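Subject: Structure handover

Hello,

Here is the structure for you to look over. My notes on what was found follow below it.

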Amino acid sequence: MKIALLSRNSKLYSTRRLIEAAEARDHQIEVIDVLRCYMEITSTKPGIHYKGTVLEGFDAVIPRIGASVTFYGTAVLRQFEMMGTYPLNESVAISRSRDKLRSLQLLSRKGIGLPVTGFAHKPDDIEDLIKMVGGAPVVIKLLEGTQGIGVVLAETKKAAESVIEAFMGLKADILVQEFIKEAAGADIRCFVIGDKVVATMKRQGGEGEFRSNLHRGGTSSLVRITPEERSIAVRAAKTMGLNVAGVDMLRSNHGPVVMEVNSSPGLEGIETATGKDIAGMIISFIEKDSLGKSTRTKGKG
Ligand SMILES: Nc1ncnc2c1ncn2[C@@H]1O[C@H](COP(=O)(O)OP(=O)(O)OP(=O)(O)O)[C@@H](O)[C@H]1O
Ligand SMILES: [Mg+2]
Ligand SMILES: [Mg+2]
């Protein structure tokens, strides 16, 4: 197959691993920086140009679109879909999962366990907003934060009120969430491919840190998940419409709760923690799943 790998940097671990895995299986794979693509939008023959040439003949496209380039990145992916190229994850599913508010609404509709969450832009009654999610302590998040930045634990009602007021002053959309104390600074990453959880790891925040992000000094280790957690992870990925997803969960005393579903989950942490060849699994999934079908939506969404 001829595969396009949408990535901004060919030196990144995940990018390198996917290239290795594809070449080991005799596929041709090309790294394409979405920001340098320009598109021809015509009714007869949609096309993508890149560094002065036309991108043609790709059988599959692997999107690894960073959060900061979601808008343009999904547009380029949609163009590939319109040209009939099979996408590992569809552009609509990626856009859906990038919006935390929309994601949690979709997951809640499917009855998937979530931390009790409130969304607000400019609430007149902050006290009521805090009460709505069960009172302090609460976690307050910037809607567009990543890597644990913009995620704050407010231990008291007073602290929660001042943080919410500060974010409101910055005109930022926020999410106020029940604090899952019993998770004790740990979360579980389930790596989903198709309808299977192929690898799992536990991430534990550093001493005195409730955020488990590896970027914030967290460490990863192996973990066994329950059949319930396994089925929730697969359902969460399916609800978002993602073939490949990193589903993050917390173990709460009211069962597993899904925090978020990532559409470009990194490979380094999970391959290192588990010793599994996830990149290879992704390529073999593409080999099977792309047979005879291009995209369900053809970029319609
Ligand atoms: N409601 C909560 N209760 C307990 N811990 C939480 C809660 N929400 C978040 N955390 C902890 O904080 C970490 C960061 O939160 P979250 O994943 O929501 O934001 P983010 O990491 O900035 O976003 P992204 O993963 O998209 O980069 C989580 O991994 C988890 O360990
Ligand atoms: Mg996270
Ligand atoms: Mg994320």
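Ile188 stands opposite Met249 in S15. This is a predicted model, and the pairing in question is that of strand S12 (residues 186-193) with strand S15 (residues 244-252), antiparallel over six bridges.

Both strands belong to an open sheet of five strands, in the order S14-S13-S12-S15-S16, with antiparallel pairing. At the edges are strand S14 (219-221) and strand S16 (255-262), each of which pairs on one side only. On average, neighbouring strands of this sheet are turned by 30° against each other, with direction ignored. As a reminder, strands of a sheet pair through backbone hydrogen bonds, either parallel or antiparallel.

Helix H7 (residues 227-240) lies across four of these strands, namely S12, strand S13 (196-204), S15 and S16. The angle between H7 and S16 is about 35°.

A residue to look at next is Phe285, in helix H9 (residues 278-289). Setting aside neighbours within four places in sequence, Phe285 is in contact with Ile193, Gly194 and Asn243. Ile193 is part of strand S12 (residues 186-193). Phe285 and Ile193 are 92 residues apart in sequence, while their C-alpha atoms are 7.5 Å apart in space.

For the chain as a whole, the secondary structure comes to nine helices and 16 strands. The radius of gyration is 20 Å, close to the 19 Å that the globule rule gives for 301 residues, so the chain is as compact as a globular protein of that length. Along its principal axes, the C-alpha trace spans about 60 × 40 × 35 Å. Of the 301 residues, 41% count as buried. Among contacts between residues at least 6 apart in sequence, 66% join residues at least 24 apart; the contact between Phe285 and Ile193, at 92 residues apart, is one of this kind.

On confidence, the chain averages a pLDDT of 93, and 97% of the residues score at least 70. For the complex, the predictor gives an ipTM of 0.95 and a pTM of 0.94.

Regards

Methods
Residues are numbered from 1 along each chain as its sequence is written. Chains are lettered from A and ligands numbered from 1 in the order in which they are written. This is a predicted model: local features need pLDDT of at least 70, side-chain atom pairs count only at pLDDT 80 or more; totals for chains, interfaces and linings use all residues. Helices (H or I, at least four residues) and strands (E, at least two) are DSSP runs, numbered from the N terminus. Two residues are in contact if their C-beta atoms, placed from the backbone, lie within 7 Å. The radius of gyration is taken over C-alpha atoms; the globule rule is 2.2 Å times the number of residues to the power 0.38. A residue is buried if 20 or more other C-beta atoms lie within 10 Å of its own, exposed if 12 or fewer, and partly exposed in between; C-beta atoms are placed from the backbone. Two strands pair if DSSP finds at least two bridges between them. Axes are lines fitted to C-alpha atoms, for helices over the stretch in contact, and angles run from 0 to 180 degrees between N-to-C directions. pLDDT is the predictor's confidence in each residue, from 0 to 100.
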